[in-house]
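This report concerns a single protein chain. Please examine the sequence and the structure shown below before reading on.

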Amino acid sequence: MRITLLLVLLIHGLLHLIGFAKAVNLYHARQFVQPISKLSGMLWLLAFLFCLIAALLIAFKNNYWWVLGFAAVVLSQILIIYVWQDAKFGTLANVVILLAAVIGYGNWSYYKKYATDVANALQQKSYFNNSMLTETDIAHLPEPVKKYIRYTGCIGKPKVNNFRIQFQGKIRKDEQSEWMPFSSEQYNFMNAPTRLFFMNAVMKKMPVAGYHAFHNGNAFMDIRLLSLFKVQYEDGSNMNTAETVTFFNDMCCMAPATLIDKRISWELTDSNTVKAQFTSNGITIAAHLFFNTAGELVNFTSSDRYNTDAGKKLPWSTPLKNYRRINGYKLAGYAETIYTFPDKAFCYGVFETQNVQYNYHKMQ
């Protein structure tokens, strides 16, 4: 879709050069029977430049391309109206560009809400002191958790007060739905537990954006077609609890250094399994963490996550594998999200870790 739009802009822009060339007697344009003044010719050249710059911005994935797209459409259509008999079919290209620019504006506007929330959250004070994580810091933890923290390479590195994760993967609503490819970016903050997750997906070849926000125990999920039209929205107490589970899952899977948090209580259930309870803003959730002999966290399960389709809480798990080095830490490269119904286990999400970074001071 991006390549198609880029080509439309380039071809449409180049056609405007014909009007400019005729105006300055560089080319005898048979396409234009009606006369074009030199002043109008300069406007045809300007319309070409608007199209060209918009195309270049798309090529370099600049989110502000729609500004030039709108400008190109407005100027181009005015010029077409003046020579309607000769250039009326250019209106079709302008309609395509206009629709794409509206979607581009929607993407920018929706993402801006997320970006503003991230910028505000970055003002949070540090939760952990700004020192290196030591063996003393993890002394109170169950042995499997200690081993995991050592295995991931957190000892001797700064304590984690916030972190940024980028994923690619696929999601689906139910077993009858097609998988939707997605890419996502999120920021988590430890002081006032905050999780801000923004996703771009494709559903039946149409762009879909999703924003999950969780701050101080309050959460919402807002899914929009073309970043403009709401197709799903959830909030309320069940969502608040579910996102508390997700926030704790992020800590366990993507930021092991945060497991020194005093808001967590631990219970060793066997040599490679622990039960944890995480309490924040009056919400307490429980989870079981399963480790292998190497020290890797291989699964996280909780029964505190509400499933809308079932209308009740269901066992939820995130099996992990493919540990690899990411910015000096050994972290899981692959995870699935699974709800277990009475008669089946349903995997609705596949996540491949692209990047994890810690302790941001400004948005990237």
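The coordinates belong to a predicted model.

**Helix packing**

Two packed helices are described by the angle between their axes and the distance between the axes. Two helix pairs are set out in this table.

| Helix pair | Angle between axes | Distance between axes | Handedness of crossing |
|---|---|---|---|
| α1 (residues 2-23) and α5 (residues 90-121) | about 140° | 10 Å | left-handed |
| α2 (residues 38-59) and α3 (residues 65-82) | roughly 155° | within 8 Å | left-handed |

Helices α1 and α5 pack at an angle of about 140°, and they are therefore oblique to each other. The contribution of α1 to the contact consists of L5, V8, L9 and H12, while α5 supplies G90, A93, N94, I97 and A100. By class, the residues of this contact comprise 6 nonpolar and 3 polar, with no charged residue.

For α2 and α3, the axes cross at roughly 155°. Since angles over 145 degrees count as roughly antiparallel, α2 is described as roughly antiparallel to α3. On the α2 side, the contact is formed by S40, L43, W44, L46, A47, F50, C51, I53, A54, L57 and I58; on the α3 side, by W65, L68, G69, A71, A72, L75 and L79. The contact of α2 with α3 divides into 16 nonpolar and 2 polar residues, and no charged residue takes part.

**Nonpolar cores**

The largest nonpolar core of the model contains 65 residues. Within this core, the residues with the most contacts are F248, L259, W266, L289 and L297. Helix α7 gives the most to this core, namely 8 residues. A second, separate core has 16 residues, including L5, I97, A100 and W108.

What does W266 touch, if residues up to four places away in sequence are not counted? The partners of W266 are L141, P142, V145, L259, V274, K275, A276 and L289. Two of them, L259 and L289, are also listed among the residues with the most contacts inside the largest core.

Helix α6 (residues 143-152) is itself mostly covered, as 7 of its 10 residues are buried.

T244 lies in helix α7. Its relative accessible area is 0%, so T244 is buried. Apart from residues up to four places away in sequence, T244 touches F214, F278, I283 and I285.

A255 is placed in the loop between α7 (237-254) and β7 (264-270). Although A255 is in a loop, this residue counts as buried because its relative accessibility is 1%. Beyond residues up to four places away in sequence, A255 touches V160, F163, D250 and Y358. The C-alpha atoms of A255 and L226 are separated by 32 Å, and the two residues are 29 apart along the chain.

D304 is found in strand β10 (residues 297-307). With a relative accessible area of 18%, D304 is buried, because the limit for that class is under 20%. Leaving aside neighbours within four places in sequence, D304 is in contact with T241, A242, V245, T284, I285, A286 and K313. I285 is likewise a partner of T244. Between the C-alpha atoms of D304 and V74, which are 230 residues apart along the chain, the separation is 53 Å.

**Loop residues with positive phi**

Most residues other than glycine have a negative phi. N281 is not a glycine, yet its phi is positive, at about 50°. N281 sits in the loop between β8 (273-280) and β9 (283-291). At 42% relative accessibility, N281 counts as partly exposed.

N327 also has a positive phi of about 50° without being a glycine. The place of N327 is in the loop between β12 (320-326) and β13 (329-341).

Methods. Residues are numbered from 1 along each chain as its sequence is written. This is a predicted model: local features need pLDDT of at least 70, side-chain atom pairs count only at pLDDT 80 or more; totals for chains, interfaces and linings use all residues. Side-chain values use heavy atoms; hydrogens and water are left out. Helices (H or I, at least four residues) and strands (E, at least two) are DSSP runs, numbered from the N terminus. Buried means under 20% relative accessible area, exposed over 50%, partly exposed in between (1.4 Å probe, protein chains only). Contact means heavy atoms within 4.5 Å. A nonpolar core is a set of buried Ala, Val, Leu, Ile, Met, Phe, Trp, Tyr and Cys residues joined through side-chain atoms within 4.5 Å. Axes are lines fitted to C-alpha atoms, for helices over the stretch in contact, and angles run from 0 to 180 degrees between N-to-C directions. Angles under 35 degrees count as roughly parallel, over 145 as roughly antiparallel, 65 to 115 as roughly perpendicular and the rest as oblique. A crossing is left-handed if the near helix is turned anticlockwise from the far one by less than a right angle, and right-handed if clockwise. Ala, Val, Leu, Ile, Met, Phe, Trp, Tyr, Cys and Pro count as nonpolar, Asp, Glu, Lys and Arg as charged, and the others, Gly among them, as polar.
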